[in-house]
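Here are some short notes for a colleague who is new to this structure.

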Amino acid sequence: MPGMIAVLTGCSSEHEISLKTAALVSAALQENGYAVTELEIGPMVAGELLTLRPDAVFIASHGRFGEDGTIQGLLEILGIPYVGSATLASALALHKGLSKSLFRQNGLPTPPAWQFSFGERWTSKLQPLYDHLLTRGALIVKPTQQGSTIGLSIVREGEELSPSIKKAFVYDDSILIEQKIEGTELAVGVLGDVEPYALPCIEIVSKNEIYDYEAKYTPGMSEHIIPPRIDPQISEKAMCMALQAHLALGCRDISRSDIIADHDGCCWLLEVNTLPGMTETSLVPDAAKAAGISYSQLIDKLITMALARRKR
C-alpha cells in the first residue's frame, strides 16, 4: 500500500533546480497514491524526519548536501530508506578527481586531467597546461564537487587559464582541469538496483557552446535526440560504458553518465551523476520515455526500489 514519502529539497547552488525537481516528483508520487511532504535539507531536517517518520525519502537535491553522501549518511543513521546511491557511491561520483581514478582502474577511458587544491602554489604548475593549449587544444576548468556546470570554463588561450582557475575556486577548494574532447555529447541513464540496465542513449545539442546551466534548464536551449545521429555501435558502446561506470562506483537505482564520442568513434567518460535532474527539460525522463516508461512510472519504480530495501 502507498505510504508517506518525504521529498528533500537542497540548499546548494543548485537550489532552484532542486525545487523544480521536487515539484514534479511530488506530483508524480501523489498521482501514484503516496502522501507527500516536502522538507528542506538544513540543521532541522533530522528532527523533522524523526517526527514525520516517512516510509521512504526521495532526495531531490543536487550537488553538495544532496548528492555528496552527507544526507545519505544521515538517512542511514535514521534508518530511513531513500532513492539513489548510498553514501560512498554518492561521495565518489560527485568528486570528479576520485571518480576519474576509479574509471581508469576499471578500464574506462576518461580525458587526461590535472587536479589543484586551494592554497597550494598552483601558479607554479601551469606550464604543462600552457603547453597543452599550444599542442593539444582546449581545456575544461571546473570545481571538483559541483554539478550543472557551475563554475565551469572553457579555456582556449593561455591568458584565460588563471582567471578560470580562480573562478572555479570560488565554488570549491579543489578543482579539475581536463582536456576538452571534441565530438558528440551523449548522456546515458542507468536504471535499477539488483539488475541495473542502460536506458536509451541521448545526443545533446546545446544552443550554447557547452551544455551549461542555461542550456540544461531553459526550454528550447537544447535538443535531446534519440537515437543519436551516430553509428549505432557507438551508442551501444556508450550504453555499456555507462553501465560499467554505474557498477564501478557502486551506484544503485538511477545514474546518468556524461560521455563524449570523438570524431574517431572513441567514447570518453566525463562523469557520473547519482541524482540526475527530473525537471521538464531533464535527460533521464526523456530517455525513460523513449524506453516506454512515463514520468510517473519512472518515479514509482525509483520509490519502489527504495521501499524494497526497507523490507530487506
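**Notes on the predicted model**

1. The sulfur of Cys-267 lies 7.6 Å from the closest cysteine sulfur, that of Cys-201, which is too far for a bond. The model is a predicted one. Cys-267 has a relative accessible area of 4% and is therefore buried.

2. Cys-266 is likewise in no disulfide, and its nearest cysteine sulfur, in Cys-267, is 7.8 Å away. A disulfide needs the two sulfur atoms within 2.5 Å. Cys-266 counts as partly exposed because its relative accessibility is 36%. Over the whole structure, the search finds 0 disulfides.

3. Glu-38 sits in strand 2, which covers residues 35-40. With 42% relative accessibility, Glu-38 counts as partly exposed.

4. What does Glu-38 touch, leaving aside its neighbours within four places in sequence? The contacts are Val-7, Thr-9, Ala-22, Ala-23 and Ser-26. With Ser-26 there is also a polar contact between the two side chains, at 2.8 Å.

5. Helix 4 (residues 87-94) and helix 5 (residues 96-105) have axes that come within 5 Å and cross at roughly 100°. The two helices, helix 4 and helix 5, are therefore roughly perpendicular to each other.

6. On the helix 4 side, the meeting residues are Leu-92, Ala-93 and Leu-94; on the helix 5 side they are Lys-96, Leu-98, Ser-99 and Leu-102. By type, the residues of this contact divide into 5 nonpolar, 1 polar and 1 charged.

Technical notes:
Residues are numbered from 1 along each chain as its sequence is written. This is a predicted model: local features need pLDDT of at least 70, side-chain atom pairs count only at pLDDT 80 or more; totals for chains, interfaces and linings use all residues. Side-chain values use heavy atoms; hydrogens and water are left out. Helices (H or I, at least four residues) and strands (E, at least two) are DSSP runs, numbered from the N terminus. Buried means under 20% relative accessible area, exposed over 50%, partly exposed in between (1.4 Å probe, protein chains only). Contact means heavy atoms within 4.5 Å. A polar contact is a pair of N or O atoms within 3.5 Å; within protein, one must be able to donate a hydrogen and the other to accept it, and residues adjacent in sequence count only if both atoms are side-chain atoms. Axes are lines fitted to C-alpha atoms, for helices over the stretch in contact, and angles run from 0 to 180 degrees between N-to-C directions. Angles under 35 degrees count as roughly parallel, over 145 as roughly antiparallel, 65 to 115 as roughly perpendicular and the rest as oblique. Ala, Val, Leu, Ile, Met, Phe, Trp, Tyr, Cys and Pro count as nonpolar, Asp, Glu, Lys and Arg as charged, and the others, Gly among them, as polar.
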